[in-house]
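Here is a short note for a colleague who is opening this structure for the first time. Please keep the view open while reading the points.

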Amino acid sequence: MDLLKTLHRTLTSARLAIALLLSLAATALVATLVPQGLDASEYYVRYPRFWAWLITATGFDAFSKSALFLALAALFFVNTAVCTVDRFSRRLCTRAPKRFGPDLIHVGILVLVAGGIVTAATRRDGFVYMAEGDRVLLTEEYEMALRSFRFDKYADGRPRDWVSTVDVTRNGAPLVSRFAIEVNRPLRLGRLRVFQSGYGRQGRATLVDGAGREQIIRSGQALRQGQVSLILSAIEGPAGRTAVFERWEGHTATGVLRASVSETVGGYTLAAVEERDVTGLTVVDDPGVIPVVVSLILITVGLALTYAQKIGDRQL
Amino acid sequence: MTATIAFVVLIIAAVLQAAFLLARRRGRDPVSPYLLLGAGLLLLANIAERSLAIRFVAVTNTFESLVFFAGAIALVLAVHALRARRRYIPFVVFGATVIAVALLAVASSPIAPREVLPPIPALQSYWLVLHVTFSFIGEAFFAVSFVASIYALAVRDPGKREDGERLTYTAIGIGFPVFTVGALVFGAVWAQTAWGAYWSWDPKETWALITWLTYTAYLHTRLVPRLRGKTSAILSIVGFAFTVFTFFGVNYLLSGLHSYA
């Protein structure tokens, strides 16, 4: 019983909350000084051996997934949850003025953490480059076709807007026609969102093998034949008619090959080569967004309520 | 031009405040609140002028952010100086005016180009406008709390110390909700709309979170009698140091999604 009381007292203490808040701040601070998500060997190149070991062993190369951060966040969640229940129940049982602003903020933070967990566990996203006329299957239900892509610039050459106009079908039936996806104006398809997030020039080479089969590869893509791969790395020439391929055997680069239309490369005949403007679209399915939006509303309302109550109580 | 005039007006206000501080320890100069008000309005007029030129709210580059931040501090100080009676602390108003002057000095330096340029696509969002303006208004209050905390730590008289602590709490009590809504709530909504991720552990986001955690810790120290006073004041000072680093340090030392801000 005493142990439970001690545990309850510890978990509801403001001192623990302060210690956790500052520990989370300190860990986050250290993490911003360490480049995130590099290959483990890269840390040994950039830092002395001990520091590189420390970064990789403590998981600070992916801070938000490190055991230390997750343990602190879990303890913070428990501390906030216990405090919220404790505070709320005490408020209900006393005749003290009912001040529920801080409770709303705390509940909002709990929902926010829950939303973050849902996002971490279930979010799916993908990136696709599309040229005019391309079609892509977003899910089993939705298929999207790029009708046009426009890159507007200011007079000084800075980007003004990227506009990808798309059509969408759902199970084969037209659903959306001529929707203009722009930065800050995503396409919403149920829970799915499509964001304008890039643009570029993409090479495309059409290769024909000895049996007359046609294969199309795009910039960065590889065509495999056993251990040998051909990667389309660039389109060259004044008219953009020469394709440049990297030849790889396993994990070793063995040379660079150049071919123009109707020439042979690695056992294939280059039938066509072209370079196109492409739009980069990010497709996101994140079930965590809804709880997060709810949490942000709760926090905002809680802050407003707390502020109004403190003004009313002449505490500010 | 309006920003330059505001800069001069703020310097005059700071000189007047310094003169009164040195001449009469408890004196309150009658002119500087109006100079602060004038400077704040001029700085907002500068933002309005630039906004008309680009047909968007001009808070999309470092120069405009600095001008808005300095203007917010000047207006917060003017309101405080005109309304506060017993809680008016000349040293705090002087210190915060110096911060506003320093921000404008940085704005006039080469690290903050003055060109009036329309925003790039990612910045063409009214969520961004809310994000930036609310964040800086909150941070303007943090500037006041920073100087008030230094004052509370520096003075020996318990009454004066209490006044400093009280002003610190009031400034954070107002600034914290505004900053939270601006930096974290509107920031998350904008990020979700622009990039499809409400949180990316981008250095600017992480530093805003560090700042928020520090001020949250400050507010909780107010619930622990032993931590009120010195610990609270130190957290308030550290919180503002983090605020400044989030703005300048992240921009110039760390790269990320906010590299244009």
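Which side chain does the side chain of E274(A) join in a polar contact? The first point takes this up.

1. **E274(A) and its partner.** The model is predicted, so please read every value as one computed from a prediction. The answer to the opening question is R204(A): a polar contact of 2.7 Å joins its side chain to that of E274(A). E274(A) sits in strand β14 of chain A. Its relative accessible area is 31%, so E274(A) is partly exposed.

2. **What else surrounds E274(A).** Setting aside residues up to four places away in sequence, E274(A) touches Q202(A), G203(A), R204(A) and I235(A). R241(A) and E274(A) are 33 residues apart in sequence, yet their C-alpha atoms are 6.9 Å apart in space.

3. **T282(A), on that strand.** Strand β14 covers residues 268-285 of chain A, and T282(A) is found in it. Is T282(A) buried or exposed? T282(A) has a relative accessible area of 15%, so it counts as buried; the cut-off for buried is under 20%.

4. **Contacts of T282(A).** The side chain of T282(A) makes a polar contact with the side chain of S197(A), at 2.5 Å. Neighbours within four places in sequence aside, T282(A) is in contact with G126(A), F127(A), R193(A), V194(A), F195(A) and S197(A).

5. **Chain A as a whole.** Chain A has seven helices and 14 strands. The globule rule gives 20 Å for its 316 residues, but the radius of gyration is 28 Å, so chain A is more spread out than a compact globule. Along the principal axes, its C-alpha atoms fill a box of roughly 90 × 55 × 45 Å. Buried residues make up 37% of the 316.

6. **Contacts, surface and charge in chain A.** Take the contacts with a separation of 6 or more: 51% of them are between residues 24 or more positions apart. The accessible surface is about 17,600 Å², and 58% of it belongs to carbon and sulfur atoms. Chain A carries 37 positive and 29 negative side chains. The centres of these two sets lie 11 Å apart.

7. **Two backbone angles to check.** Most residues other than glycine have a negative phi. R178(A) has a positive value, near 55 degrees. R178(A) is in strand β5, residues 173-181 of chain A. Its relative accessibility is 56%, so R178(A) counts as exposed. R55(B) also has a positive phi, of about 55 degrees, and is not a glycine. R55(B) lies in the loop between α2 (32-54) and α3 (62-83) of chain B. At 77% relative accessibility, R55(B) counts as exposed.

8. **Chain B as a whole.** How many helices and strands does chain B have? Chain B has eight helices and zero strands. Along the sequence the pattern reads α-α-α-α-α-α-α-α. A compact globule of 261 residues would have a radius of gyration near 18 Å, and chain B agrees, because its value is 18 Å. The C-alpha atoms of chain B fill a box of roughly 55 × 45 × 30 Å along the principal axes.

9. Of its 261 residues, 60% count as buried. Among contacts with a separation of 6 or more, residues 24 or more positions apart account for 78%. Chain B exposes about 10,600 Å², with 68% supplied by carbon and sulfur atoms. It has 20 positive and 11 negative charges, and their mean positions are 11 Å apart.

10. **E205(B), to finish.** E205(B) is in helix α7 of chain B, residues 203-221. Its relative accessible area is 9%, so E205(B) is buried. Where does its side chain reach? The side chain of E205(B) reaches the backbone nitrogen of W201(B), at 3.1 Å. N46(B) is 159 residues from E205(B) in sequence and 28 Å from it in space, C-alpha to C-alpha.

How values were computed
Residues numbered from 1 in each chain as written. Chains lettered and ligands numbered in written order. Predicted model: local features only at pLDDT ≥ 70, side-chain atom pairs only at ≥ 80, totals over all residues. Heavy atoms only, no water. Helix = DSSP H or I, 4+ residues; strand = E, 2+ residues; numbered from the N terminus. Rg over C-alpha atoms; globule rule 2.2 N^0.38 Å. Buried < 20%, exposed > 50% of the residue type's maximum accessible area, 1.4 Å probe, protein only. Contact = heavy atoms within 4.5 Å. Areas by Shrake-Rupley, 256 points an atom, 1.4 Å probe, with all protein chains shown as cover. Lys, Arg positive; Asp, Glu negative; His and termini not counted. Charge placed at Lys NZ, Arg CZ, Asp CG, Glu CD. Polar contact = N/O pair within 3.5 Å; in protein donor to acceptor, adjacent residues only side chain to side chain.
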